[in-house]
Amino acid sequence: MEVGFLGLGIMGKAMSMNLLKNGFKVTVWNRTLSKCNELVEFGASIGETPAQVVKKCRLTIAMLSDPAAALSVVFDKDGVLEQIGSGKGYIDMSTVDPETSSKISQAITSTGGAFLEAPVSGSKQPAETGQLVILAAGDKGLYEESIPAFDVLGKKSFFLGQVGNGAKMKLVVNMIMGSMMNAFSEGLVLSERSGLNPHDLLDVLDLGAIANPMFRGKGPAMLKSNHSPAFPLKHQQKDMRLALALGDENAVSMPVAAAANEVLLSASTRIDPMYRTVMEISFCELSFPSGLASHRRMLFWSRLTWIDIDAHSCQFRKANSFKKARSMGLGDLDFSAVYEILKMTKD
Ligand SMILES: NC(=O)C1=CN([C@@H]2O[C@H](COP(=O)(O)OP(=O)(O)OC[C@H]3O[C@@H](n4cnc5c(N)ncnc54)[C@H](OP(=O)(O)O)[C@@H]3O)[C@@H](O)[C@H]2O)C=CC1
Ligand SMILES: O=CC(=O)O
């Protein structure tokens, strides 16, 4: 079976890799085309544009960051709409709001093409191991035709009826998840600050009625300050925002979700300027105040670039992926050094 795949981020890469490993012929496209190369090593073909992929494949799957990306890939120049039509199917697995999904559905079906929304529950690891939960809605015929691919990507597929229901289900699930993660984070901090061992808290939680795979998986990593993203903060905040809008439309008051959204929003705006500032620093002539010598080097990640700055020699090295950074012997994130830089540049 030949499948097109648009969007090779954390999820799309793992999902298309899974399809390849399970005997599907896959033609991939990504906005940053260089990200296709790794998939080519596993047998994928590359389409230069979304339209080229759709032209070649009967079924095309998309896994894109947000509503703006999902719309752009369909409606913009060289987009899906230029080649979709009768006998072709388009499956959008991105997490978007029901309105975005309906807009895409109307455009696709007006050409005679079939449309299915199929957002997924489950993160990077379930995507890698084919254990996603697929929340499909839209064209029933396309759903049935897609089952061989869904069986590879997920452990269970739901068909939820008309377009919009898959998006709604996904937003409700992620609204609950975002609220849970906030409560969990507060609990970890409270246990530690009040003199408890947070590892004990993890054990207690895991044996009780609120045990769940997310606390079990994330908890130990959080206690080690390992925050490497499987589900990026910006996407969780996007889902909370879209879920709150769904609450508004349905006159459902969600004070817990609203509070969680505020925390996520403030966390993302706190991180972004920091990344930006350090990016700017790294691309200009480097000259550090002498106080920085105590921080011999720092490394951080921003938009796929690892940067290692040696404060003594005032030199920096770049790597375009975590794997490459590792192979160059670059170390782990050191946010304290980043904050020092920020403080100094502010002065
Ligand atoms: N990560 C997770 O655990 C899960 C994520 N999801 C959902 O899946 C979707 C993808 O998530 P994830 O893979 O983590 O996200 P990433 O941020 O890792 O990847 C986003 C993808 O969207 C592409 N993209 C972004 N903007 C545009 C644009 N304007 N035009 C074209 N392509 C664009 C990116 O291309 P480029 O490489 O060029 O930036 C990249 O391929 C999101 O909707 C997310 O909410 C659902 C379940 C779990
Ligand atoms: O959307 C994220 C997830 O883990 O599910």
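User: What makes Ala251 count as exposed in this structure?

Analyst: In this predicted model, Ala251 has a relative accessibility of 73%, and since the word exposed is kept for values over 50%, Ala251 counts as exposed. Ala251 lies in the loop between α11 and α12 (255-283).

User: What is said about the phi of Ala251?

Analyst: Ala251 has a positive phi of about 55 degrees, although Ala251 is not a glycine. That deserves a remark because most residues other than glycine have a negative phi.

User: Where is Ser225, and is Ser225 buried or exposed?

Analyst: Ser225 is found in the loop between α10 (213-223) and α11.

User: Why is Ala243 called buried?

Analyst: Buried means under 20% relative accessible area, and Ala243, at 5% relative accessibility, therefore counts as buried. Ala243 belongs to helix α11 (residues 233-249), and, when its neighbours within four places in sequence are left aside, Ala243 is in contact with Leu171, Met175 and Met254.

User: How do you know that Gln236 is buried?

Analyst: The relative accessible area of Gln236 is 7%, and because the limit for this word is under 20%, Gln236 is buried. Gln236 is placed in helix α11, and, leaving aside neighbours within four places in sequence, Gln236 is in contact with Asn174, Met177, Gly178, Phe231 and Leu264.

User: Why does Thr60 count as buried, and which residues does Thr60 touch?

Analyst: Thr60 has 0% relative accessibility, so Thr60 counts as buried by the limit of under 20%. The place of Thr60 is in strand β4 (residues 59-62), and, not counting residues up to four places away in sequence, Thr60 touches Gly4, Leu6, Val53, Val54, Gly89, Tyr90 and Ile91.

User: Why is strand β2 described as largely enclosed by the rest of the structure?

Analyst: Strand β2 (residues 25-29) is described in this way because 4 of its 5 residues are buried.

User: How is β2 joined to β1 and to β3?

Analyst: Strand β1 (residues 2-6) and β2 run parallel and are joined by 5 bridges, and one of the pairings has Lys25 in β2 as the bridge partner of Glu2. Between β1 and β2 the chain passes through helix α1 (residues 10-21), and this β-α-β crossover is right-handed. Strand β3 (residues 45-46) also pairs with β2 in the parallel sense, over 2 bridges, which meets the requirement of at least two bridges for a pair. In β3, Ile46 is the bridge partner of Val28.

User: How many cavities of 30 Å³ or more are there, and what lines the second largest cavity?

Analyst: The count comes to 2 cavities of 30 Å³ or more, and the second largest cavity has a volume of about 40 Å³. The second largest cavity is lined by Asp92, Ser94, Thr95, Val96, Ser101, Glu117, Ala118, Pro119 and Ala167, and these lining residues divide into 4 nonpolar, 3 polar and 2 charged.

User: What can be said about the chain as a whole?

Analyst: The chain has 14 helices and 12 strands, and 45% of its 347 residues count as buried. Among the contacts in the chain with a separation of 6 or more, 60% are accounted for by residues 24 or more positions apart.

Conventions: Residues are numbered from 1 along each chain as its sequence is written. Chains are lettered from A and ligands numbered from 1 in the order in which they are written. This is a predicted model: local features need pLDDT of at least 70, side-chain atom pairs count only at pLDDT 80 or more; totals for chains, interfaces and linings use all residues. Side-chain values use heavy atoms; hydrogens and water are left out. On a 1 Å grid over the protein atoms alone, a cavity is a set of points where a 1.4 Å probe fits but cannot get out, and a pocket is an open set with protein on both sides within 12 Å along at least five of seven lines; lining residues have an atom within 4 Å of a point. Grid points are joined across faces, edges and corners, and a volume is the space filled by probe spheres set on the points. Ala, Val, Leu, Ile, Met, Phe, Trp, Tyr, Cys and Pro count as nonpolar, Asp, Glu, Lys and Arg as charged, and the others, Gly among them, as polar. Buried means under 20% relative accessible area, exposed over 50%, partly exposed in between (1.4 Å probe, protein chains only). Contact means heavy atoms within 4.5 Å. A crossover is right-handed if, with the strands pointing away from the viewer, the path from the first strand over the helix to the second runs clockwise.
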